[in-house]
Amino acid sequence: KLPKGLYTKEEMAEVLQDIYLLEAKVKELNIPVDSAAIIYDHYEKGIFSKYQIDDSLYEISFEYYLNHPEVMSEIYAIMIDSLSLRERLYSNRAVE
């Protein structure tokens, strides 16, 4: 059972999806690590704001899920489904 106050699997999947997309975009910039970290931090705050996520509660929730790999696997499954759907929708738009 999920401890009270933590973000749900679904909430974590949404946030992590955006965070992983952000990480990929920052990596593609091919800029120095310190500059990449500044850009990443800026946009990560935007993600937390978008989802109204408290960063310290996010860290606690993330740590909980890391220590419960079976539940983290479920989060990744949600993310993969969502990203696959996003890719199909994008591909369909590109064809039109």
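A salt bridge here is a side-chain nitrogen of Lys or Arg within 4 Å of a carboxyl oxygen of Asp or Glu. With that in hand, welcome to the close-ups.

This is a predicted model, in which local features need pLDDT of at least 70 and side-chain atom pairs count only at pLDDT 80 or more, while totals for chains, interfaces and linings use all residues. Residues are numbered from 1 along each chain as its sequence is written, and side-chain values use heavy atoms, with hydrogens and water left out.

**View 1. Arg86 and Asp18 form a salt bridge.** The closest N and O atoms of this pair are 4.0 Å apart. Arg86 sits in helix H4 and Asp18 in helix H1, so the pair links distant parts of the chain, 68 residues apart. Helices are DSSP runs of H or I with at least four residues, strands are runs of E with at least two, and both are numbered from the N terminus. Arg86 counts as partly exposed, at 40% relative accessibility, whereas Asp18 counts as buried, at 10%. (Buried means under 20% relative accessible area, exposed over 50%, and partly exposed in between, with a 1.4 Å probe and protein chains only.)

View 2. Because Lys50 belongs to helix H2 and Asp18 to helix H1, the pair ties together parts that are 32 residues apart in sequence. Lys50 is exposed, with a relative accessible area of 55%. Taken together, Asp18, Lys50 and Arg86 are linked in a network of salt bridges.

**View 3. Glu74 and Lys9 make another salt bridge.** Here the closest N and O atoms are 2.5 Å apart. Glu74 lies in helix H4 (residues 69-95) and Lys9 in helix H1, so this pair ties together parts that are 65 residues apart in sequence. Both ends count as partly exposed: Glu74 has 36% relative accessibility and Lys9 has 26%. The count for the model comes to three salt bridges.

**View 4. Helices H1 and H2 cross at roughly 160°.** The axes of H1 (residues 9-28) and H2 (residues 33-50) come within 10 Å. That angle makes H1 roughly antiparallel to H2. (Axes are lines fitted to C-alpha atoms, for helices over the stretch in contact, with angles running from 0 to 180 degrees between N-to-C directions; over 145 degrees counts as roughly antiparallel.) From H1, the contributors are Val15, Asp18, Ile19, Leu22, Glu23 and Val26, and they meet residues of H2 including Tyr40, Tyr43, Ile47 and Phe48. Contact means heavy atoms within 4.5 Å. The residues of this contact divide into 10 nonpolar, no polar and four charged. (Ala, Val, Leu, Ile, Met, Phe, Trp, Tyr, Cys and Pro count as nonpolar, Asp, Glu, Lys and Arg as charged, and the others, Gly among them, as polar.)

**View 5. Four helices and zero strands make up the protein's elements.** From the N terminus on, they run α-α-α-α. Of the 96 residues, 26% count as buried. Among contacts between residues at least 6 apart in sequence, 76% join residues at least 24 apart.

Methods: Angles under 35 degrees count as roughly parallel, over 145 as roughly antiparallel, 65 to 115 as roughly perpendicular and the rest as oblique.
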